Amino acid sequence: MDFSLPEELRSFQRMVRRFVDTELIPLEHKEPRGLLPATRDRLRALTRDMGLWLLDVPQSLGGQGLSALGQSIFWEEFSRSVAILPRDFYIIGPFVGAVLVQLKGEQKERYLDPVIRGEKLPCFAQTEPDAGTDPASMRTRAVRDGDHYVINGVKRFITDAEKADFAQVMALTDPVKGARGGVSCFLVDMNTPGVKVTTRYQTMMGEAPCEVVFQDARVPATNLVGNEGDGFRLAQEWITLGRILRHGARACGVAERCLEMGASYAKQRVTFGAPLATRQSIQWMLADTYTELQAARHMVRYAAWKFDQGEDVRTESHIAKMYSVEMGFRAADRCLQIHGGIGLTTDFPVERFWRDQRAYLITEGAAEVMRMTVARHVLKYY
Amino acid sequence: MFEPELNEQQRLMQESARKLAEERFKPGAARADREHAPPLGNIKVLAEHGFCGMGLPEAYGGSGLGVFEMVLVIEQIARACANTAMLLSGTVGASARAILQVGSEAQKRKYLPRVARGELLVAWSMSEPNAGSDVGAIATRALRDGEHYVINGAKLWCSFASLADVYLVMMRLDPTPGMKGIGALLVERDTPGFSIGRRLDLVGLRATGMAELLFDDCRVPAENLIIPAGGIGKILAVLEADRIGGNPPICLGVAGAAFDAAVRHLKERSQFGKPLADNQGLQWKLADMAIDIEAARSLLYRTAQRVDAHKNSMTDASIAKTFVNEMAIRVTNQAIQLAGASGLAEDFPFERYFRDVRGMAIGYGTTEILRNTIAREILAGRYQP
């Protein structure tokens, strides 16, 4: 057994940490309401030069083809800063994802290549008002009509829909089969007649996802990805990796920074003649965060490593996500408490970490749904 | 649900506060939060219904009610709008009580009737950058100069700073280090040398006009002295009453509102072919929330009644505030979770409930400092369960 990271990942980790320390963390104070366009351009040029660009895209398509373990190192380090709004991934290149990467032929030329070149912006539309954690309740229908499909339905909490050029839309092609082979994935241009962004939902973490309505939207049959019924299979890898990286590893980075801020403030803040760090209860808060962080980090890296071995990591991804997001929130909450009043102010990044991290107990599958799935697994094998 | 021994007057008061808040304050609650705009007009409405003079004697235009009644009313207001409840607690809370308890007759006559009419807000200012829970570390100082005091320094975390007419400010009146040198002066808004500093934007309770106070050779007449150096001990009872009457009922009210909204959501929303409410895991969360709320309410009501009967111990307020604060964080946190993505969106109240109660475990004495107090009393043999 060898728990150490390979040397190339350790030097990669040092590089990302340096980038976050020197480029991102100072922006938390300078541009607290989100980055200025010029800053974004400068950061994008930097990440491109450093090879922090299209990390998850295969090298054959111009990306880095980084292993899941490598990506987990990236997400952990990258998440030590709140300078960039949650889900604003574009600092590290276009957000491609598992569905687009699988496109072939004309679909690849029309949708994947322009995304990689930065000419087109995609969004991913699965969630509906009555189908969040339960995609089987999906109601959006796609009905074949000659060489088109006609799509009707409502998608909710769709990140970036307001500025996207096209959407990857999950819709029912076979209501009888439902989630078991009845859902298909379509590439839908946002300017298609009948497609309308109706509402934006401002959320507590600064992100504002949209509601998108499809009303008799006619989509060419050639825009079906794969075959009818392939929808969930196509999205599976993206969602599994999302649990490990954008939720699990991310939470570890949040906890790491909260530990840094909490410890440093506890050492410097003097009350009743002694630094907070000399108080045992404060020491124990830090000890708990540190311990839980180690546990989460091992779960996340193990799940990523196992994914890289080509194994099925659905259960590992569920437990890593469930444990890490809750751990990250406890870490942020303790950090807030150690800071006292100053932690509550919006001038300071602590409350941002606290608000953002709270959201991750819900996004892309609530912690309760993770528990349901894990319980099913336990009862099957024990 | 919990039915405390309310007399007819208390029951009517609770009901009318609930109705008033539901009809008049709830519709503007989300906007006040979003725009950081204190709902100051609501204080006038509360005054018209007699709520601003609750804790003041009839001689000063009040109705002579106790901390328990204040808890009942503020809880109901907070169910609808936590920022309005904060404004009310600021109006009827520590500053008015302190003036009543230790103020001169002239100070009482000058300020209290206007407080009861909702025309005057007296802000309470204690904290400084290096003196939060540690009051003895206060550095803002006032030097006597003939018939005046000259104040220099800065205060932090002053709720209602941008709205108040008068400020009750703790400061160092005497060079003796620690608590012995600390007293308080009343400072009126337009006093030369006094200004409102930077606005402080918080994660929650965003519409209370919180800001810094700045004193630059600010000259205040000597008659504005309200607490002489070393006199803080005389208002400990005021602070204890405020720790119970001001902060925990807001937490209790917001937790109740979050609970109601969560129950509605679980009944209305279906996933996996059945209402969310049919999932045992979620039912148990609701049950835990109800247990938490009822325990907190019983504890808070009992403590308030003990404060009114002057039977409270040193630990009572600390125990009640700590439990109610942390209960509200747990309950509003679970409510967000039960509401799923809607819980995160600003179009729904869940995320606001959660943000609004979080700071309450830090303001008015952090739950850590209160645990210090509780432990000290236990170890000194002054607490019996």
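In this predicted model, strand β3 of chain A, residues 148-158, pairs with strand β7 of chain A, residues 210-220. The two strands are antiparallel, and eight bridges hold the pairing. One place to look is Val150(A), which stands opposite Arg218(A) in β7(A). Strand β7(A) also has a partner in strand β6 of chain A, residues 195-200. This pairing is antiparallel too, with five bridges joining β6(A) to β7(A). Here Lys196(A) stands opposite Val213(A) of β7(A).

Stepping back to the whole of chain A, the domain assignment gives domain 1 (7-100), domain 2 (122-225) and domain 3 (233-381). Between domain 1 of chain A and domain 3 of chain A, the C-alpha centres are 19 Å apart. Their contact involves 17 residues from domain 1 of chain A and 26 residues from domain 3 of chain A. On the side of domain 1 of chain A that touches domain 3 of chain A, α3 (68-78) and α4 (97-101) of chain A each supply at least two residues. The most comes from α3(A), with eight residues. Sorted by class, this side of domain 1 of chain A has eight nonpolar, five polar and four charged residues.

Chain B is likewise assigned domain 1 (8-120), domain 2 (123-230) and domain 3 (246-379). For domain 1 of chain B and domain 3 of chain B, the C-alpha centres lie 22 Å apart. The contact takes 19 residues from domain 1 of chain B and 18 residues from domain 3 of chain B. Contributors of at least two residues each to the side of domain 1 of chain B that touches domain 3 of chain B include α2 (29-34), α4 (67-80) and α5 of chain B. The largest share of that side, nine residues, belongs to α4(B). In its make-up, this side of domain 1 of chain B has 11 nonpolar, four polar and four charged residues.

A helix of chain B deserves a visit of its own. Helix α7 of chain B, residues 105-116, has 12 residues. From its first C-alpha to its last, α7(B) reaches 16 Å, close to the 16 Å expected at 1.5 Å a residue. Within α7(B), the buried residues are Tyr111(B), Leu112(B), Val115(B) and Ala116(B). These four lie on the same side of α7(B), because they cover an arc of only 130 degrees around the axis. Ala106(B) and Arg109(B), on the other side of α7(B), are exposed. The cover over the buried residues of α7(B) includes α5 (82-92), α6 (94-102), β1 (122-125) and β4 (166-172) of chain B. Just after α7(B) comes Gly118(B), with a positive phi of about 75 degrees.

Finally, the two chains meet. In this contact, 28 residues of chain B touch 29 residues of chain A. On the side of chain B that touches chain A, at least two residues each come from β9 (270-271), α11 (314-339), α12 (341-344) and α13 (350-358) of chain B. It is α12(B) that gives the most to this side, with three residues. By class, the side of chain B that touches chain A comprises 10 nonpolar, 11 polar and seven charged residues.

How values were computed. Residues numbered from 1 in each chain as written. Chains lettered and ligands numbered in written order. Predicted model: local features only at pLDDT ≥ 70, side-chain atom pairs only at ≥ 80, totals over all residues. Domains from an automatic or database assignment. Contact = placed C-beta atoms within 7 Å. Nonpolar A, V, L, I, M, F, W, Y, C, P; charged D, E, K, R; others polar. Pairing = 2+ DSSP bridges. Expected span 1.5 Å × (residues − 1). Buried ≥ 20, exposed ≤ 12 C-beta atoms within 10 Å, placed from the backbone. Arc of directions from axis to C-beta.
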